[in-house]
Amino acid sequence: MSDHPAYFRVLLLFARNSLVRDMTFRANFIIDTISSLAWMGINLAFYVLIFQYTPMLGAGTGWGKYEFFLFLSTTLLINSLVQTLFMANADEFSELIRTGALDFALLKPIDTQFLVSLQRIDWSSLGNLGFGLVLIVYAYSQLGYAPSPVAISLYLGYVLCGVAILYSLMITLAASSVWLGRNQTLYDFWFYITNFSRYPREIYRGKYGDPLRWFFTFLVPVLVVVNVPARFLVRSLRPQTLEDWFLPAFTLFAAVASLAVSRWIFNRALASYRSASS
Amino acid sequence: MTVIEIDGLAKSYRVYQKKEGIWPSIKGLFHREYRTVEAVRGIDLRVDRGEFVAFLGPNGAGKTTTLKLLSGVITPTSGTARVLGHVPWQRENAYRRRFALVMGQKNQLWWDLPANESFRLHQQIYRIERRQFERTRDELTSMLGVRELLSQPVRELSLGERMKMELIAALLHSPEVLFLDEPTIGLDVVAQYNVQNFLRHYQQTRQITILLTSHYMKDVAALCRRVVVISLGRIIYDGSLSGIIDRFGGHKVISLQMSNGQPPDVMARYGQVLAAEPPRIKLRVERSMVPQVLSAILAHCAVEDVSVEDPPLEQVIAEMFTHPNGPGGHADEGERPA
């Protein structure tokens with residue numbers, strides 16, 4: 001018998017059990033889905049408004065209205081994947097630590113980070129994924145061209161890199177509750193960070209923009225999360241200069257590095273875990 | 001065969017000293033005072049395969065901390081422990097497949113789902129072969145009489161039913177070592193009795209090793225031949241349950257029924273009067289003094305009936321907890337049952 005559980009089958013059961021659970025609270029599920037879709041609709045309307053006043057986000061950046069819709073869809077895809085898979089778990093991780101319920105996760109013969117990160121799948125966040133896909137199709141229909149298979153595969157690969165980077169940030173923050181005792185700033189943090197990641201890199205220019213761009217590219221690499229995959233979708237924005245080629249390479253590195261760092265921090269957190277009263 | 005070996009195991013925590021009031025709380029933001037709590041202060045213990053051992057001790061004695069150390073949930077400050085040859089806090093999968101921990105105060109089943117869904121998850125996590133899983137599950141659910149509750153959401157189960165499901169979840173992978181932390185807490189007498197019966201039967205047929213903590217003396221008396229008493233993080237007794245009275249019951253209770261109806265007033269000089277309901281009287285007498293006191297009473301008073309009894313076990317244990325080094329003196333070395 002193998003020493004490891006069948007991770008994929010365990011994941012399927014997590015997904016299945018979560019769905020059964022979500023379906024038990026049907027009304028809550030529907031309201032959740034509708035409210036996040038409505039929030040996205042409002043966002044989209046806001047950008048439509050902005051593009052009434054300008055044809056492009058910054059002259060010469062290449063981010064016209066429909067190009068930016070591709071960017072926005074990418075934000076949606078990545079955020080919805082992270083929220084579906086990890087958000088509820090990371091949020092609960094903090095509670096597991098505070099209440100001592102992490103004990104049970106530590107007893108199981110399975111990777112604790114896997115268990116803690118994926119045991120609750122939030123299906124209601126998947127609505128935004130559909131919204132994003134529809135928006136991509138619409139944007140291409142307006143742009144009048146279709147992405148090549150190579151562009152699509154690169155795009156999907158970099159979407160996964162983006163998910164990995166955001167997940168690492170999230171689990172690191174959640175793990176810090178071992179030392180802080182309690183950490184309920186997760187949703188706030190998520191909002192701040194994704195706030196920076198949801199605009200094209202090109203707008204971070206000038207006296208204040210340059211340091212911000214540098215910081216959020218190399219130290220907390222959230223700026224590459226959406227930007228790098230999104231550029232593969234836009235024909236006019238494919239990598240041309242040296243920097244354009246450097247960024248995708250760096251993103252691969254950043255994804256692997258942040259996963260490694262977050263795993264290290266996670267394990268340190270488990271070693272410091274002290275459980276709670278009986 | 002020795003299954004659990006513990007040497008000098010110790011665990012201390014640093015606890016933030018929170019003071020009452022607003023101003024001290026604000027000061028606490030900048031400068032914190034910590035106190036070191038020594039939950040376990042050097043425990044040595046050997047447990048053989050097939051033993052059913054009870055951990056007794058007041059709240060905060062270190063019982064749960066010891067179980068958590070042995071489960072690898074927390075790491076010790078110093079000392080060593082091996083369970084089935086594994087160091088628990090290395091959290092190897094090979095070890096985690098072979099033991100289980102049940103905590104009466106916490107639940108691990110998915111709250112909104114039927115217990116069976118959680119069981120299936122365990123089946124995958126522990127890689128239990130399907131037919132074996134179904135056989136074990138059906139056997140356990142019928143033994144505990146919860147078979148028809150398998151598809152009911154856990155949140156709709158009673159506390160007793162839920163506890164039984166928790167036990168089943170912990171036993172699905174047929175652990176060789178089982179740690180039970182107050183498994184009957186909050187249960188009514190019937191449910192308590194059922195769980196006890198089940199545990200005794202299960203342990204006897206499978207010959208697994210069990211460590212149990214409980215505040216119910218009935219659990220302990222019904223299940224465990226060996227009792228380890230922990231107080232202030234140290235083992236102060238290790239032996240049979242009845243041995244506790246021999247060692248720590250420093251006195252006996254003499255009950256008298258006087259034939260002339262009225263007990264003489266002088267009784268107080270023979271011992272502490274516990275109850276006086278003429279013609280009956282109860283005296284508390286130092287154990288070593290019992291023969292002299294008895295003969296003195298019989299010589300001077302008209303006695304119709306007499307009995308000498310040990311004080312109730314609960315009382316002895318309560319006294320032992322209040323004076324850990326009490327009448328038994330240096331009590332670190334206890335006798336082991338044969």
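## A nonpolar patch on chain A

Helix H10 (residues 206–219) of chain A supplies the largest share of the nonpolar patch, namely four residues, where helices are DSSP runs of H or I with at least four residues, strands are runs of E with at least two, and both are numbered from the N terminus. This is a predicted model, in which local features need pLDDT of at least 70, side-chain atom pairs count only at pLDDT 80 or more, and totals for chains, interfaces and linings use all residues. Residues are numbered from 1 along each chain as its sequence is written, and chains are lettered from A in the order in which they are written, while side-chain values use heavy atoms, leaving out hydrogens and water.

The patch covers about 520 Å² of surface and is made by Trp214(A), Phe215(A), Phe218(A), Leu219(A) and Phe246(A). Phe246(A) lies in helix H12 (residues 242–272) of chain A, and its relative accessibility is 42%, so Phe246(A) counts as partly exposed (buried means under 20% relative accessible area, exposed over 50%, and partly exposed in between, with a 1.4 Å probe and protein chains only).

## Two packed helices in chain A

Helix H3 (residues 65–99) of chain A packs against helix H7 (residues 149–175) of chain A at an angle of about 20 degrees, and their axes are 9 Å apart. H3(A) and H7(A) are therefore roughly parallel to each other.

## A buried cysteine in chain B

Cys224(B) is found in the loop between helix H8 (217–223) and strand S8 (226–231) of chain B, and because its relative accessibility is 5%, Cys224(B) counts as buried. The C-alpha atoms of Cys224(B) and Leu211(B) are separated by 9.2 Å, and these residues are 13 residues apart along the chain.

Terms used:
Patches are made of residues with over 30% relative accessible area and no salt bridge: like charges are joined within 9 Å, nonpolar side chains (Val, Leu, Ile, Met, Phe, Trp, Tyr) within 5 Å. Accessible areas come from the Shrake-Rupley method with a 1.4 Å probe; for residues, only the protein chains shown count as cover. A salt bridge is a side-chain nitrogen of Lys or Arg within 4 Å of a carboxyl oxygen of Asp or Glu. Axes are lines fitted to C-alpha atoms, for helices over the stretch in contact, and angles run from 0 to 180 degrees between N-to-C directions. Angles under 35 degrees count as roughly parallel, over 145 as roughly antiparallel, 65 to 115 as roughly perpendicular and the rest as oblique.
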